[in-house]
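Please consult the sequence and the structure shown here while reading.

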Amino acid sequence: MRELIRFDNVSFRYPDDEDWIFEDLSFSVGSGEKVVITGPSGSGKTTMLYLCNRLYPENCDGIVKGSVTLFEKESQSYSPGEVNHRIATVFQDPDAQFCMQTVEEELAFTLENLNVDREEMDMRIQDVLELTGLTEFRHSVIQKLSGGEKQRIATACALIMEPEVLLLDEPISHLDPYTAKQFIRWLDELQRKRSLTVFAIEHRLDLWDDFFDREIPLEQTAIVSPLMKRASSKQELRSLEVSRVRTDSYLKEVSFTLTKGEVAVLAGPNGSGKSTLLKALCQLIPASGAVHPSNLGYVPQSPEFLFVTKTVREEIAFGGGTSAGELLDRLHLAAVADAHPFAVSHGQKRRVAIAAMLCDGREIILMDEPTSGQDAASMAELFRLIDERAREGTTFLIVTHDMEFAFQVADSILVMKDGALTGKFAADQVWQDEKLLAVHHLLQPKGWVQREHCFA
């Protein structure tokens with residue numbers, strides 16, 4: 001088997017840091033292999049991927065020891081951009097790789113950088129859109145699409161280059177469960193058809209089944225006991241009342257009520273309006289209707305939009321409160337407390353934003369995909385913090401595609417489709433309604449299935 005990627009005793013650190021992100025890392029990836037990288041959040045998984053596509057060390061002035069070989073040639077011997085059509089990357093945050101306004105323009109821009117003839121462009125764009133099931137989005141404005149739709153567009157932009165290696169950084173983190181399963185099946189067929197080499201980062205392997213040939217752990221992940229479903233913390237006093245909220249562009253009239261201490265999950269297909277609803281509730285986009293109260297804490301899908309200070313410690317403490325030190329420890333951020341919020345990993349950025357909202361002492365907190373990029377230990381601590389704060393009376397509305405986390409944490413489930421709220425249900429009512437789940441691209445969580453078998 002021909003080696004396409006090889007690391008020999010590779011160590012990496014940033015110029016201003018004394019500690020190495022990782023040290024003496026050695027492995028190889030052969031042609032046609034499907035390999036997954038695992039490890040705790042912040043262990044250097046994305047950094048390793050950036051060494052594979054030659055974004056690092058040049059673009060961050062990083063310091064590298066050891067040897068990285070790409071296609072049997074020392075990586076530093078390639079000129080800038082020379083190898084990037086052979087090794088295509090889908091980033092964890094798809095917004096980071098878009099340059100153009102529409103999907104068609106973005107795909108054409110990629111081909112222009114490869115000097116593809118204009119006559120060939122239209123055919124390649126049409127072919128990749130059909131391959132990825134995105135034909136209807138050809139003329140869509142990218143920034144109006146959902147996070148999951150953007151992830152699929154980013155994958156199409158990578159595939160249109162017809163690469164030999166596809167680097168994926170948590171590719172299903174923003175996809176609803178049904179679409180994630182479809183993506184994995186589609187990727188499996190594509191890999192077989194094109195003998196594509198797939199090198200991926202993933203925290204959650206449960207949806208992937210036996211897709212990967214082998215696993216490369218960057219660090220030993222701490223063994224965490226499975227989370228148990230939390231007991232309800234709902235109180236009778238109303239906390240959040242939403243009356244006929246709508247937007248001109250997409251969101252239809254939405255009305256619901258949450259009580260103090262209630263933990264509600266907002267679920268549904270990609271593009272159903274979940275993130276739009278949270279932004280409307282926070283008055284970040286124009287919307288009609290009433291929201292009481294209006295003082296809400298908000299953790300967006302792209303947490304860096306919140307950051308206003310120069311260190312993680314200052315960011316968490318910025319809004320006031322006395323629990324910044326405790327939250328640094330509990331959310332495993334103490335090691336990066338003095339780092340710039342923009343310089344930490346994607347999963348750590350998300351925990352910084354969560355910690356900032358929890359430190360503020362907000363009575364109502366909205367979270368958009370808080371589990372994305374989180375390892376098991378961080379997920380467990382997030383679960384405990386939500387449970388503790390809910391019992392103290394904090395109300396949570398959480399958008400998530402992670403049905404295991406939803407099963408463990410939710411008192412109630414709000415489901416959306418096509419810009420409308422289908423309804424609000426007790427969590428157990430949703431898990432047992434297979435038709436409701438299917439219509440909203442959701443899957444029964446394993447925790448529910450196991451529980452049902454125990455009582456059968």
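## Ser-173

In this predicted model, a polar atom of the Ser-173 side chain lies 3.1 Å from the backbone oxygen of Glu-170. Such a polar contact is a pair of N or O atoms within 3.5 Å; within protein, one must be able to donate a hydrogen and the other to accept it, and residues adjacent in sequence count only if both atoms are side-chain atoms.

Ser-173 belongs to the loop between strand 7 (165-169) and helix 5 (177-194); helices (H or I, at least four residues) and strands (E, at least two) are DSSP runs, numbered from the N terminus. Ser-173 counts as buried because its relative accessibility is 13%, where buried means under 20% relative accessible area with a 1.4 Å probe and protein chains only.

## Thr-311

Thr-311 is placed in the loop between strand 14 (297-299) and helix 7 (312-317). Its side chain reaches the backbone nitrogen of Glu-314 at 3.0 Å. With 16% relative accessibility, Thr-311 counts as buried.

## Nonpolar cores

A nonpolar core is a set of buried Ala, Val, Leu, Ile, Met, Phe, Trp, Tyr and Cys residues joined through side-chain atoms within 4.5 Å. The largest has 50 residues, and Ile-413 and Trp-431 are among those with the most contacts inside it. Apart from this core lies another of 42 residues, including Ile-125 and Trp-186.

## Basis of the values

The model is predicted: local features need pLDDT of at least 70, side-chain atom pairs count only at pLDDT 80 or more, and totals for chains, interfaces and linings use all residues. Residues are numbered from 1 along each chain as its sequence is written, and side-chain values use heavy atoms, with hydrogens and water left out.
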